[in-house]
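Have the sequence and the 3D view open side by side before you start reading.

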Amino acid sequence: MTVFKVKNKDKRSSQEAQFIYSPFLILEMDWKSGRLVFVAKRTRASSRLQQLASEKLLPLGKFSIFGRNISPKIKPLKMMKQIIAFGASNSKNSINKKLASYVANKMEGFEITILDLNDFEMPIFSIDRENENGIPPLAYEFKNHISNSNGIVISFAEHNGSYSAAFKNIFDWISRIEKDVWNSKPMFLLATSPGGRGAKTVLQIAKSKFLRMNQNTIASFSLPSFYANFSEERGIVDESFSRMLENELKKFTDALQKTNVRR
Ligand SMILES: Cc1cc2nc3c(=O)[nH]c(=O)nc-3n(C[C@H](O)[C@H](O)[C@H](O)COP(=O)(O)O)c2cc1C
């Protein structure tokens, strides 16, 4: 089901209106009250949609509700930009997952989804596996999270100076779906470790690779000595690191302002 928003172009209303387009029906929703004001069968609605398409339609993505039992009252959709965040680690108590969640949750006015790489465990990538069995469905699922988001926050665990195997495996699989792995979304790359270098080596690797793949803004921040500088209750406790983080976060949120709401 696809939702379209029409800006002041609908002759019957000067308000913004919302059109919900399903295989069966097209519904028009009063933007302010959230009431359904128009219902038609798809065949009749199609020409109306085409007319609207020739005006300025802004597709908002997927929306799965209703079926045939339509409630006369529908809540207006929350029009929030979507952020996905994850620690690039499969450790249950990942400090990078904690940092990624902390940073994403600092961002007010966005819908935040925290992913766990354990939910995307796949066979180790090999070209032979791909040729024999294709790309695993979990890779497509992960990729959907990327393409349906407005921005991406990743905090990298450093394993022997590089990506964790868990992240690299997902990265390899999704890179087989589409070359533009990160779909040109603004990214905030983070890294932390218990040691004093704060996993800077893997952060540099990720940043230089992603800068070549993605023309959009890529902000970055590394937090050294995680256990000394981070508190579960208060977040980053060191003031200078906190300031550095805020500066990079601003770069990221400024880039997000330029993106359209996705649904
Ligand atoms: C196999 C392995 C290799 C590691 N290599 C590094 C390393 O190169 N640099 C580093 O700073 N920490 C290294 N560490 C320590 C990690 O920074 C530490 O385990 C951290 O908690 C990983 O992040 P996570 O908790 O998000 O998984 C390594 C840990 C493991 C298990």
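What follows is a short tour, from the whole chain down to single residues.

## The big picture

This is a predicted model, so a few ground rules apply: local features need pLDDT of at least 70, side-chain atom pairs count only at pLDDT 80 or more, and totals for chains, interfaces and linings use all residues. Residues are numbered from 1 along each chain as its sequence is written.

The secondary structure of the protein comes to eight helices and twelve strands. Helices (H or I, at least four residues) and strands (E, at least two) are DSSP runs, numbered from the N terminus.

Of the 263 residues, 30% count as buried.

Now for contacts, where two residues count if their C-beta atoms, placed from the backbone, lie within 7 Å. Take the contacts with a separation of 6 or more: 68% of them join residues 24 or more positions apart.

Find helix H4, residues 137–147. Ala 139, Phe 142 and Lys 143 are buried there. Why do these three sit on the same side of H4? They cover an arc of only 100° around the axis. (The arc is that of the directions from the helix axis to the C-beta atoms.) As a rule, an α-helix has 3.6 residues a turn, so residues three or four places apart point the same way.

What do the buried residues of H4 pack against? Their partner is helix H5 (165–174). Ala 139, Phe 142 and Lys 143 in H4 meet Ile 170, Trp 173 and Ile 174 in H5. By class, this contact of H4 with H5 has five nonpolar, no polar and one charged residues. For these classes, Ala, Val, Leu, Ile, Met, Phe, Trp, Tyr, Cys and Pro count as nonpolar, Asp, Glu, Lys and Arg as charged, and the others, Gly among them, as polar.

The axes of H4 and H5 come within 9 Å and cross at roughly 90°. That makes H4 roughly perpendicular to H5. Axes are lines fitted to C-alpha atoms, for helices over the stretch in contact, and angles run from 0 to 180 degrees between N-to-C directions. Angles under 35 degrees count as roughly parallel, over 145 as roughly antiparallel, 65 to 115 as roughly perpendicular and the rest as oblique.

## Around the ligand

How many residues surround the ligand? There are 16, and the closest are Ser 89, Ser 94, Asn 96, Ala 157 and Ser 193. To be near, a residue needs its C-beta atom, placed from the backbone, within 6 Å of the molecule. Sorted by class, the shell has four nonpolar, ten polar and two charged residues.

| Pair | Apart in sequence | Apart in space |
|---|---|---|
| Ser 91 and Ala 166 | 75 residues | 9.3 Å |
| Ile 83 and Val 153 | 70 residues | 7.4 Å |
| Gly 109 and Met 80 | 29 residues | 6.7 Å |
| Met 244 and Ser 220 | 24 residues | 9.6 Å |

Ile 83 lies in strand S6, and is buried, with 25 other C-beta atoms within 10 Å. Beyond its neighbours within four places in sequence, Ile 83 is in contact with several residues, including Ala 104, Phe 110 and Val 153.

Ser 91 belongs to the loop between strand S6 (81–88) and helix H2 (95–105). With 14 other C-beta atoms within 10 Å, Ser 91 is partly exposed. Gly 109 lies in the loop between H2 and strand S7 (110–115), and its 8 C-beta neighbours inside 10 Å make Gly 109 exposed. Met 244 is part of helix H8 (residues 239–257), where it counts as partly exposed, with 15 C-beta neighbours inside 10 Å.

Most residues other than glycine have a negative phi. Now look at Asn 183, whose phi is near 50°, a positive value. Asn 183 is found in the loop between H5 and strand S9 (187–192), and counts as partly exposed with 14 C-beta neighbours inside 10 Å.

Ala 199 also has a positive phi, about 55°, although it is not a glycine. Look for Ala 199 in the loop between S9 and helix H6 (200–213). Is Ala 199 buried or exposed? Ala 199 is buried, with 28 other C-beta atoms within 10 Å.

Note on methods: A residue is buried if 20 or more other C-beta atoms lie within 10 Å of its own, exposed if 12 or fewer, and partly exposed in between; C-beta atoms are placed from the backbone.
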